[in-house]
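Thanks, everyone. Let me put the structure up, and then we can walk through it together.

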Amino acid sequence: MSLSDNIAGFCSGLGASLKSVVKMAAQSRRPSVKRIALPGEKLIIMGNGPSLADNIRNDLGKLSTARTLAVNFAANADEFTLLRPDFYLLADPHFFDGRESDPNVGKLFKRINEAVDWEMTLFIPTSRTVSSLGITNPRVKVERFNLVGVEGFDWLTARAYSSGAGMPRPRNVLIPAIMVGMLMGFKDIYIIGADHSWIKTLDVNERNEVVSVQPHFYKDNNEEHSRVTAVYKNVRLHEILMSFHVAFKAYHAIASYAATRGVNIYNSTPASYIDAFPRCPLP
């Protein structure tokens, strides 16, 4: 690598680091995630991809006895009360800003309030207040994490990740889910339902509108289809592909950081597009 390349790399890292420091100073708050994992205890993170249906059919016994974390609209699925996750994480602003406009969000919090009859911890960003959730279920404990994307020099990102002040750019909910899992002290993390094969479903119609279908293990209702269509109505293809780039790059940042902390992250999703973690079936 030439001197000019080294200088360019340093300047790029410096710029990203300074930007990250400013973001953390402005947005990061004290997180409340606690180290609770017991020695040798494993965590299974359940994405909502279509392959999770196979896990529910074939691996329910394993899921019932392991520590599990669910995300997004999983609570609205009929299978939610079978999965009985120990942890639940919400990150997308829509879950907090769309309660009045989206009946699926209202249903989500209603299900958490009424269907959860086991001890469950709900993780939300520090930018959101606990009181605004309307959670009245005494079995649901709410903890908060920083949803602040951090890039730059390795020493800076490592310090931000380990303190919980920031994480790799959280383009997908799986990113904060893994980071919170590490903050809880889990050394072996398995990921299922993370198909991430969105690129297969991309299309552009005759009106030059990008069509993006993101299937889940449950069937989305008409309201959710309409919401997704509205979200993508004015989004261009290059913007969607860039968001994919951000997400997949973040997984490699997580893999590099996990290696320095002795954390094993396994991708247990068949045919997943995530290429950052070693493949391994559920134990």
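I'll go from the overall fold to the cores, then to the salt bridges and one surface patch.

A caution to start: this is a predicted model.

Overall fold. We have ten helices and nine strands. The radius of gyration is 19 Å, close to the 19 Å that the globule rule gives for 283 residues, so the protein is as compact as a globular protein of that length. Along the principal axes, the C-alpha atoms fill a box of roughly 60 × 55 × 40 Å. Buried residues account for 48% of the 283. Now contacts. Take those between residues at least 6 apart in sequence: 64% of them join residues at least 24 apart.

On to the inside. In soluble globular proteins, nonpolar side chains tend to be buried together. Here, the largest nonpolar core has 49 residues. Which residues have the most contacts inside it? Ile 178 and Tyr 251. Several elements each supply at least two residues of this core, among them strand 1 (42-46), strand 2 (67-71), helix 8 (174-183) and helix 10. Look at Tyr 251 on the screen. Beyond its neighbours within four places in sequence, its contacts include Leu 174, Ile 175 and Ile 178. Ile 274, Ala 276 and Phe 277 are also among them. There is a second, separate core of 35 residues. Leu 90, Phe 96, Met 120 and Leu 282 are included there.

Next, charges. The structure holds ten salt bridges. Start with Glu 41 and Arg 67, whose side chains meet at 3.3 Å, N to O. Glu 41 sits in the loop between helix 1 (3-27) and strand 1, and Arg 67 in strand 2, so the pair ties together parts that are 26 residues apart in sequence. Arg 67 is partly exposed, at 23% relative accessible area.

In helix 2 (residues 52-58), Asp 54 and Arg 57 lie three residues apart, about one turn. Their N to O distance is 2.1 Å. Asp 54 is partly exposed at 37%, while Arg 57 is exposed at 59%. In helix 6 (residues 103-115), Glu 114 and Lys 110 are four residues apart, again about one turn. That bridge comes in at 2.8 Å, N to O. There is also a network of salt bridges linking Lys 34, Lys 141 and Glu 143.

Last, the surface. Ile 199, Val 204, Leu 237, Leu 241 and Tyr 273 make a nonpolar patch of about 390 Å². Leu 241 belongs to helix 10 (residues 237-260). Its relative accessible area is 37%, so Leu 241 counts as partly exposed.

Definitions and conventions. Residues are numbered from 1 along each chain as its sequence is written. This is a predicted model: local features need pLDDT of at least 70, side-chain atom pairs count only at pLDDT 80 or more; totals for chains, interfaces and linings use all residues. Side-chain values use heavy atoms; hydrogens and water are left out. Patches are made of residues with over 30% relative accessible area and no salt bridge: like charges are joined within 9 Å, nonpolar side chains (Val, Leu, Ile, Met, Phe, Trp, Tyr) within 5 Å. Accessible areas come from the Shrake-Rupley method with a 1.4 Å probe; for residues, only the protein chains shown count as cover. A salt bridge is a side-chain nitrogen of Lys or Arg within 4 Å of a carboxyl oxygen of Asp or Glu. Buried means under 20% relative accessible area, exposed over 50%, partly exposed in between (1.4 Å probe, protein chains only). The radius of gyration is taken over C-alpha atoms; the globule rule is 2.2 Å times the number of residues to the power 0.38. Contact means heavy atoms within 4.5 Å. A nonpolar core is a set of buried Ala, Val, Leu, Ile, Met, Phe, Trp, Tyr and Cys residues joined through side-chain atoms within 4.5 Å.
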